[in-house]
Amino acid sequence: MRPDPATRLPVTPNAYRRSEHLRALWPWLPLWTAAALLAIFAHGPMPLFSTRTLAVAWEMWNGGHWLVPHVNGAPYSEKAPLLFWMIHAGWFAFGVSDVWPRVLEVIFGGAQLVLVAAIARRLFPERPWVASATPWMLLSLSYAFLFGLQIMYDVLLAVWALAALLCLVPTARRAEPRWLLFGLCIGFGLLTKGPVMLLHVMFPWLLGPLWSDWANRHRARWYGRGLLGVLLGAGMLLAWALPAGFSGGEAYRQRLFFTQTAARVVDGVAPAADLQSHARPVWWYLLALPVLLFPLSAWPRAVAALAMLRRPLPAGIRFALCWLLPAFVTFSLISGKQLYYPLPELGGGCLLLAGAIALLREQHPRLAASGWLGTWPLALGGMLLAVFLFVLPTLVADHRLHGEWFDEVVGYSRYFAIVFALLGALLLLRGRGEMRRLAVAGLVGTLAFNTLFTLTAWPRYDLTPSTELLAAVEAEQRPIGYVGAYDVQFHFAARLTRPITEIRGEAAIAAFAQAHPDGVIVTHPGKLTAADRRYALLVQPFRSSWIVIWSAPVLADLQAGRQPPEPTAPTRIYPAPLRP
């Protein structure tokens, strides 16, 4: 029996708004989550991005170093501890594994989509299409999706940056920012990756009067309370950094408070030998923009909309420009550069493009509907890729193409040719829903590439054979050495509890073998020799080179020109490529 409508409970405005917001997440959030889970669990954690983060988390966990991150037995100054603490929280609940850290990354990626949609909704209240389109555009970005599969700090940093900016933008009921939340988000970002967090959020605050009417009318309050929020965030960082600096020792304190940041900002600051500064020229990010924004960078309608922006600009466009332009210039001037450093700004780029397309649709409806500005270049690219993958087995069989990648892909290429042909056909469709078709094609195409990588190239990145041998060596309490710079790629998977000794030079190999006759040494040669195949304990491919594990005395004998005794067991050789 149906209830009398008169007896039904009234729907409150708050409940209605919550239901509207939940409906707004459909279907892009479930679609992205399913694709991300499929991709991130298709293969193991990637060396060297994910394995380094897991190694630091493992050493903190195993050694009880809750305050100071550690890597290979030494304090690790390059990152703040928040991501490691979040990993530890899951390990307390579920046990130590790489599953929880990967689920965390998926959660972070989904949170970015929700936050950028919320920012767009507040900045473009009169243009709801922008709030609908922005998360679709962000999930289409190939680089952001693939990097989001890495267990890295920048994905979490992007969450805090977007959350801090969300605190600045007005709502329908409140024009003044939520300064306390702004400061807390800054603090959490600082605890994720240090002072670089400020570069992602400072410019929209400093340039607030250019995009916010409230900031323009209440400048003293805007800057005064904003400064208090920044100081709150800085206080949160110092609440960890000061005791950590005294606990980690003088060398760690020097690197934490000066060297590791200065070496990235100014070229020529002499860092420690193992500091990753990634110095690149000032124009490097300009060339990287098409890669970072693909496939949107190959969508003529988005490019045309951006080129046709004219004053007066709405507040949402001004906000995006106040965020993106000074951040781009600043990151270009900083010496250290990586593709993933401006990851938080990708959400801002999608916000800008969505707002520009909305203006194009309003001001130039005929141009906005033009087929020449559609997704046909991407469709053509997909079709050409499909044709290439389909004929690839014939080209390889006729010896017209050579190379490891071609040889590995031929067994699967025609299956994936069908996928990219279908995506190309999808992008050729005309009419409503063009942006969503582009987003779906971008997401599915990127997922397809990740799957193809898993089926073909992943065995060259899978260090399972080496980590299993090193775990057995660790269980026997035998020391391990590594020739060259060790990137802690074995530590988590092998659950190593002692540092691996870095060995540099033939004299150091001999000294290690003399001090540890039961030890093993890992080498990383570009090519194999007959001695590698004959005397080593294990040989496996790694990327475009090899991992070779030796008994320390055997390697020392070979380095000294002596003939080592014949091994009691044959070398375990894992050929390239390894088939899954």
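**Entry 1: the sheet**

I began with the strands and found an open sheet of six, in the order β4-β3-β5-β7-β6-β8, with mixed pairing. The edge strands are β4 (501-503) and β8 (572-573), each of which pairs on one side only. Two notes on ground rules: this is a predicted model, in which local features need pLDDT of at least 70 and side-chain atom pairs count only at pLDDT 80 or more, while totals for chains, interfaces and linings use all residues. Residues are numbered from 1 along each chain as its sequence is written, and side-chain values use heavy atoms, with hydrogens and water left out.

For my own reference, helices (H or I, at least four residues) and strands (E, at least two) are DSSP runs, numbered from the N terminus. Two strands pair if DSSP finds at least two bridges between them.

**Entry 2: who pairs with whom**

I then followed the sheet strand by strand. β3 and β4 run parallel and share three bridges; here I saw Tyr 482 standing opposite Glu 502 of β4. Strand β3 (residues 480-483) is also parallel to β5, again through three bridges. On that side, Ile 480 stands opposite Val 520, and Gly 481 has Ile 521 as its bridge partner.

β5 and strand β7 (residues 545-551) are antiparallel, with four bridges between them. I noted Val 522 and Ile 549 as bridge partners there.

Are the residues of β5 buried or exposed? In strand β5 (residues 520-523), I found Val 520 and Val 522 on one side and Ile 521 and Thr 523 on the other, all of them buried. Buried means under 20% relative accessible area, exposed over 50%, and partly exposed in between (1.4 Å probe, protein chains only).

Which strands does helix α23 touch? Helix α23 (residues 464-475) packs on the sheet and touches β3, β5, β6 (538-542), β7 and β8. Its direction makes about 140 degrees with that of β6. Helix α27 (residues 552-559) packs on the sheet too, touching β5 and β7, at about 105 degrees to the direction of β7. Contact means heavy atoms within 4.5 Å. The axes are lines fitted to C-alpha atoms, for helices over the stretch in contact, and angles run from 0 to 180 degrees between N-to-C directions.

**Entry 3: salt bridges**

Side chains of opposite charge can pair when their charged atoms come close. I searched the whole structure and got 16 salt bridges, each being a side-chain nitrogen of Lys or Arg within 4 Å of a carboxyl oxygen of Asp or Glu.

I looked up Arg 301 and Glu 434, whose closest N and O atoms are 2.7 Å apart. Arg 301 lies in helix α15 (residues 300-307) and Glu 434 in helix α22 (residues 434-456), so this pair ties together parts that are 133 residues apart in sequence. Arg 301 is buried at 6% relative accessibility, and Glu 434 is buried at 16%.

Arg 102 and Asp 98 also form a salt bridge, at 2.7 Å from N to O. Arg 102 counts as buried because its relative accessibility is 8%.

Then I turned to Arg 504 and Glu 502, a salt bridge with its closest N and O atoms 3.0 Å apart. Arg 504 is exposed at 55%, whereas Glu 502 is partly exposed at 36%. I also noted that Glu 126, Arg 127 and Glu 362 are joined into one network by salt bridges that share partners.

**Entry 4: two cis peptide bonds**

I checked omega next. The bond from Pro 47 to Leu 48 is cis, with omega near 5 degrees, and Leu 48 sits in the loop between α2 (28-40) and α3 (49-63). The bond from Phe 294 to Pro 295 is cis as well, with omega near 10 degrees; Pro 295 is in the loop between α14 and α15.

**Entry 5: positive phi**

Where is Gln 477 found? I located Gln 477 in the loop between α23 and β3. This non-glycine residue has a positive phi, near 60 degrees, and is exposed at 51% relative accessible area. Arg 543, also not a glycine, has a positive phi of about 55 degrees. Arg 543 lies in the loop between β6 and β7 and is partly exposed at 35%.
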